Amino acid sequence: NNGFVISCGGNFGTPRLVVLDTGNVGIGITDPGGILDLRSSTANCMQFGYAGGTGAAHKLYWDSSKVYISADPGAGYGNSAIWLQVDNQCIMSLTSNVGIGTTTPSYPFSVCRDTTGLISRIYNTNANGEGVLIRAGNASCKTRAFQVASTNDTKRFTVNSDGTVGR
């Protein structure tokens with residue numbers, strides 16, 4: 001089709017870079033389906049960095065089910081700055097709310113799961129470690145610092161910032 005091709009090998013060989021007349025660019029694919037379509041059977045990483053820099057680059061990795069974004073060029077997957085899973089189980093919304101198990105987090109941090117077991121565990125593995133700090137309001141007002149509620153958000157147990165306990 002009308003476009004531009006860079007290939008390797010004799011007689012035009014294997015196409016490496018394709019620019020279609022539609023403007024779609026393909027690297028490793030001859031019929032790019034988007035503005036930029038990257039395909040490879042041997043590499044799963046794109047790098048972004050500054051020319052003339054120290055060689056450090058931000059990386060975008062992928063496998064069959066996940067995308068990893070790493071700001072630490074030597075770290076690979078394990079120390080990725082952002083991890084997005086394609087099945088919408090971890091979401092950061094446009095309102096800066098973060099949700100795990102929900103695509104519509106209503107609070108700054110929402111965890112949702114349909115299970116008969118626990119949905120969360122906070123565990124400090126350090127023998128001298130401490131637990132959880134929940135801070136809200138100040139001691140002179142009755143701000144909810146911690147609350148347990150039933151499925152329809154009916155208050156069952158509340159600890160207020162002034163130390164009082166009740167419903």
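Gly-23 is partly exposed, with a relative accessible area of 40% (buried means under 20% relative accessible area, exposed over 50%, partly exposed in between; 1.4 Å probe, protein chains only). The model is predicted: local features need pLDDT of at least 70, side-chain atom pairs count only at pLDDT 80 or more, and totals for chains, interfaces and linings use all residues. Residues are numbered from 1 along each chain as its sequence is written, and side-chain values use heavy atoms, with hydrogens and water left out.

Gly-23 lies in the loop between strand S2 (14–20) and strand S3 (25–27). Helices (H or I, at least four residues) and strands (E, at least two) are DSSP runs, numbered from the N terminus. In sequence, Gly-23 and Leu-36 are 13 residues apart. Their C-alpha atoms are 9.0 Å apart in space.

The protein has 0 helices and 14 strands. Read along the sequence, its pattern is β-β-β-β-β-β-β-β-β-β-β-β-β-β. Of its 167 residues, 14% count as buried. Contacts (heavy atoms within 4.5 Å) were also sorted by sequence separation. Among those with a separation of 6 or more, 2% join residues 24 or more positions apart. The accessible surface comes to about 13,000 Å² (Shrake-Rupley method with a 1.4 Å probe; for residues, only the protein chains shown count as cover). Carbon and sulfur atoms hold 54% of that surface.

Two strands pair if DSSP finds at least two bridges between them. Strand S12 (residues 144–149) and S13 run antiparallel and are joined by 5 bridges. Arg-144 has Asn-160 of S13 as its bridge partner. The hairpin of S12 and S13 has 5 residues between the strands. In this hairpin, Asp-153 takes a positive phi near 65 degrees. S13 and strand S14 (residues 165–166) also run antiparallel, with 2 bridges between them. Here Val-159 has Val-165 of S14 as its bridge partner. The hairpin of S13 and S14 has 4 residues between the strands. Gly-163 takes a positive phi near 95 degrees in that hairpin.

Asn-160 belongs to strand S13 (residues 155–160). Asn-160 counts as buried because its relative accessibility is 14%. Residues up to four places away in sequence aside, Asn-160 touches Lys-142, Thr-143, Arg-144 and Ala-145.

Gly-137 is located in the loop between strand S11 (109–111) and S12. With a relative accessible area of 54%, Gly-137 is exposed. Gly-137 contacts Thr-143 and Ser-161, leaving aside neighbours within four places in sequence. Gly-137 and Ser-161 are 24 residues apart in sequence. Their C-alpha atoms lie 6.1 Å apart in space.

A search of the whole structure finds 0 disulfides (a disulfide is a pair of cysteine sulfur atoms within 2.5 Å). Cys-45 is partly exposed, at 28% relative accessibility. Cys-112 is likewise partly exposed, with a relative accessible area of 39%.

Ring contacts were examined next. The structure holds 0 aromatic pairs. For such pairs, rings of Phe, Tyr and Trp (its six-membered ring) must have centres within 6.5 Å; planes under 30 degrees apart count as stacked, over 60 as edge-to-face and the rest as tilted. The charged end of Arg-121 does sit over a ring, that of Tyr-123, at 4.5 Å from its centre. The criterion is NZ of Lys or CZ of Arg within 6 Å of the ring centre and within 35 degrees of the ring normal.
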